[in-house]
Amino acid sequence: KWVEKCLKNKSGCSKKEKLTKEGIIEEFVLMGLRTKNGINIKDLQKNINCDSFYKILNEKNIKFLIENNFIDGSEKKIKIKKNNFILLNSIIEKVLF
């Protein structure tokens, strides 16, 4: 039934949810940091119409995570270092809050 619905509606979604700005940020971070490429800063800023990365996320915590080698960070992207994926949920929490 799900495949039939996908073919008919071009989507398997049963309902769509309108995300708030905060919800978009949270989803972007949650999904982006789980990938080997991390988060593209310009894409995040564009998606929420914001010109400063640190207006969106926790600057102090991100700098701490970079300085202590938990994540790689630059003006273009942030990503979790390969050996720190075991700490993924804790890192995401620090980035967001």
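**Exercise 1. Determine what share of the protein's contacts between residues at least 6 apart in sequence join residues at least 24 apart, and describe the overall fold of the chain.**

Solution. 

Step 1. Of the contacts in the protein between residues at least 6 apart in sequence, 50% join residues at least 24 apart; contact means heavy atoms within 4.5 Å.

Step 2. The structure is a predicted model in which local features need pLDDT of at least 70 and side-chain atom pairs count only at pLDDT 80 or more, while totals for chains, interfaces and linings use all residues. Residues are numbered from 1 along each chain as its sequence is written, and side-chain values use heavy atoms, with hydrogens and water left out.

Step 3. The protein contains six helices and three strands. Helices (H or I, at least four residues) and strands (E, at least two) are DSSP runs, numbered from the N terminus. Read from the N terminus, the order of elements is α-α-β-α-α-α-β-β-α.

Step 4. The radius of gyration is 16 Å, whereas a compact globule of 97 residues would have one near 13 Å. This radius is taken over C-alpha atoms, and the globule rule is 2.2 Å times the number of residues to the power 0.38. The C-alpha trace spans about 50 × 30 × 20 Å along its principal axes.

Step 5. Buried residues make up 29% of the 97 residues. The classes are buried (under 20% relative accessible area), exposed (over 50%) and partly exposed (in between), with a 1.4 Å probe and protein chains only.

**Exercise 2. Characterise the packing of helix H2 (residues 21-32) against helix H3 (residues 41-48).**

Solution. 

Step 1. The axes of H2 and H3 are 10 Å apart, and the packing angle is about 160 degrees. Axes are lines fitted to C-alpha atoms, for helices over the stretch in contact, and angles run from 0 to 180 degrees between N-to-C directions.

Step 2. H2 is therefore roughly antiparallel to H3. Angles under 35 degrees count as roughly parallel, over 145 as roughly antiparallel, 65 to 115 as roughly perpendicular and the rest as oblique.

Step 3. H2 contributes Lys-21, Ile-24, Ile-25 and Phe-28 to the contact, and H3 contributes Asp-43, Leu-44, Asn-47 and Ile-48. By class, these residues are five nonpolar, one polar and two charged. Ala, Val, Leu, Ile, Met, Phe, Trp, Tyr, Cys and Pro count as nonpolar, Asp, Glu, Lys and Arg as charged, and the others, Gly among them, as polar.

**Exercise 3. Describe how helix H6 (residues 88-96) meets H2 and H5.**

Solution. 

Step 1. The axes of H2 and H6 come within 10 Å and cross at roughly 145 degrees, and this crossing is right-handed.

Step 2. On the H2 side the contact uses Ile-25, Glu-26, Val-29 and Leu-30, and on the H6 side Ile-92, Val-95 and Leu-96. The contact comprises six nonpolar residues, no polar one and one charged.

Step 3. H5 and H6 have axes 7 Å apart at an angle of about 140 degrees, and they are therefore oblique to each other.

Step 4. Asn-61, Ile-62 and Leu-65 of H5 touch Ile-91, Lys-94 and Val-95 of H6. Four of these residues are nonpolar, one is polar and one is charged.

**Exercise 4. Is Gln-45 buried or exposed, and which residues does Gln-45 touch?**

Solution. 

Step 1. Gln-45 lies in helix H3 and is buried, because its relative accessibility is 14%.

Step 2. Leaving aside residues up to four places away in sequence, Gln-45 touches Cys-50, Asp-51, Ser-52, Phe-53 and Ile-56.

Conventions
Left-handed = near helix turned anticlockwise from the far one by under 90°.
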